[in-house]
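Have a look at it first, then read on.

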Amino acid sequence: MKDREVLEKVSNGDEAALEYLYKKHYRMMTRIVLNNNGSEDEAKDVYQEALLAFWQKAIAGKLVLTSKISTYLYSVCLNLWRKELDRKGKFAESDKEEYTYQEFDKRERARIINECINELGDTCRKVLTYHYFDGLSMSDIAKKLNLANTDTAKTKKYKCKKKLDLLIKRKYSASDFLD
Amino acid sequence: MSIQSEYIRLVNKYLEGGMTGSEQYIFEDQLTSDPLLKAEFEHQNEIVNGLKEFRKTQLKTRLNNITVGPGIIGVLSQSASMKTLSYVVTSVLVGAGSYYYFNSYTKPKAVHFSAVESRLDFLLPENGYSTKAVDLNYKYNQKTNLSEWISAEEKENIEESNDQAINRGLVDFSVPEVHDNVSTDLTPEPDQILEKAVARSKSFVGAGEFNKVDIENVVNNRYKFHYRLDNNKLYLYGKFEASPYEIIEINSFQSKKLFFYYNGNYFKLNQNVNDISPLLKIENPEIITELNILKKRN
């Protein structure tokens, strides 16, 4: 499959094209991290992050390829790994305690939100995640989820978001978040 | 609509990029002054981030389920047994290489010693070294170059002698050699030439049976008077029926010279000629005189 075809498929939210790309460049991309003091897990994570950044940009129509996809991914992986190495370097021992506390609090809230997302129905989850993460337009969501039209998708999205807000509020009183 | 619902609506509009420039400016200003709005904004931001993370995890899980192993070479190079095998192979190669490399310095070259052995009438020890002085008590063996010129009895003796030499691993020593400066003497006196020739003829020997040159006459219309020497065999191209031809072979310590005699003329046979070459007549009177003497003597 040529780069142009892959990009077109990815832009339409074709997850099979994403899998194809992942498999195709896996060894080349993970080698960047593995050859620079990174572990196999770190290498995989960096590559996946790069690929998902590519996915989001392609769907949002913000990606103009001036090089091969592999070159683009390579540079993203390289930058991500450099940032990670910087973060590791700056993560001094003295900051560790405070960071851990803040991180714990944040993670706890994130865990609850994640729990509530899981309680949503499958369509709701898809509508919201396609909208917020993938950046798919309402018409694309409608097509992808076989909804009647764009307006149906919009209404669905509004209702699902409201439902999620309520689920979260039920689990925590307003003071838990607003204090 | 409660104030909180209004906050949620505003925040969602802002997060989804639904505000105009001025609305956005007012909202951001309000965020700094209204703690409730700020709290709701952070809360909504966390929900959006939560949804993003959820989808990211979903996609990553999907990618993680794809089997992406190293290639065949990668698998082989990573396996412990292949690593061990590669170490063993490398060690063997290095060992063998070292053995041959250092052995080439310590072991005398077979070619050199075989050459010496074939020429000297003594045996070297098996290891190729000798602490004894070289015994130069070799013997001469005069032989003609053409077997038909040798009487049957003589031939038998020569063959017997050579067989014995072979059996003993020895070869009769043949003495040198036409001096290379023969032709540089431009005005030699006839007497001097005769003396040189006689002296040389005494020391020269003809071709031994080992070096006997085989001859084959090849009929080829393209070549009238040519020859080719290949693997101690002389191929004559052309018609040579006018008179009998002779080969004069002069063996020396280091080289062998061949001359072709035909119809009263001598021709030099160059041994390194593998291609068909014309027979070139020898014009030098001194060489001709010497060859005449050698020819008559044998």
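Q: What does pLDDT stand for in practice here?
A: It's the predictor's confidence in each residue, from 0 to 100. This is a predicted model, and residues 107–140 of chain B stay under 50 on that scale. With contact meaning heavy atoms within 4.5 Å, the model has 38 contacts beyond four places in sequence for that stretch.

Q: Which other stretch of chain B stays under 50 in pLDDT?
A: Residues 142–151 of chain B do, and the model has 32 contacts beyond four places in sequence for them.

Q: Where in chain B is confidence lowest, and where is it highest?
A: Helix 6 (residues 110–119) of chain B is lowest, with a mean of 42, while helix 3 (residues 35–64) of chain B is highest, at 90. Chain B as a whole averages 69, and 57% of its residues score at least 70. For the complex, the predictor gives an ipTM of 0.87 and a pTM of 0.50.

Q: Why is A:R125 called buried?
A: The cut-off for buried is under 20% relative accessible area. A:R125 has 16%, so it counts as buried.

Q: Why does A:D122 count as partly exposed?
A: Partly exposed is the range between the buried limit of 20% and the exposed limit of 50%. A:D122 sits at 42%, so partly exposed it is.

Q: What makes A:R125 and A:D122 a salt bridge?
A: The rule wants a side-chain nitrogen of Lys or Arg within 4 Å of a carboxyl oxygen of Asp or Glu. Their N to O distance is 3.6 Å, and the side chains meet in a salt bridge. Both residues lie in helix 6 (residues 122–134) of chain A, three residues apart, about one turn of the helix.

Q: Which residues do salt bridges with shared partners join into one network?
A: A:E15, A:E19, A:D134, B:R55 and B:R62. Over all chains, the count by this rule comes to 23 salt bridges.

Q: How do you know that A:E108 and A:R111 form a salt bridge?
A: Their closest N and O atoms are 2.8 Å apart, and the limit is 4 Å. Both are in helix 5 (residues 96–119) of chain A, three residues apart, or about one turn. A:E108 is at 29% relative accessibility, so it's partly exposed; A:R111, at 41%, is partly exposed too.

Q: What about A:K171 and A:E115: how far apart are the closest N and O atoms?
A: They're 2.4 Å apart, and the pair forms a salt bridge. This one links distant parts of the chain, from helix 8 (residues 150–171) of chain A to helix 5 of chain A, 56 residues apart. A:K171 has 34% relative accessibility, so it's partly exposed, and so is A:E115 with 32%.

Q: How many helices and strands does chain A have?
A: Nine helices and zero strands. Of its 179 residues, 37% count as buried.

Q: What makes strand 1 and strand 7 of chain B edge strands?
A: Each pairs on one side only: strand 1 (214–218) and strand 7 (277–278). The open sheet has four strands in the order 1-3-2-7, with mixed pairing.

Q: How do you know that strand 2 and strand 3 of chain B pair?
A: Pairing takes at least two bridges. Six bridges join strand 2 (residues 225–230) to strand 3 (residues 233–238), and the two run antiparallel. In strand 3 of chain B, the bridge partner of B:F225 is B:G238.

Note on methods: Residues numbered from 1 in each chain as written. Chains lettered and ligands numbered in written order. Predicted model: local features only at pLDDT ≥ 70, side-chain atom pairs only at ≥ 80, totals over all residues. Heavy atoms only, no water. Buried < 20%, exposed > 50% of the residue type's maximum accessible area, 1.4 Å probe, protein only.
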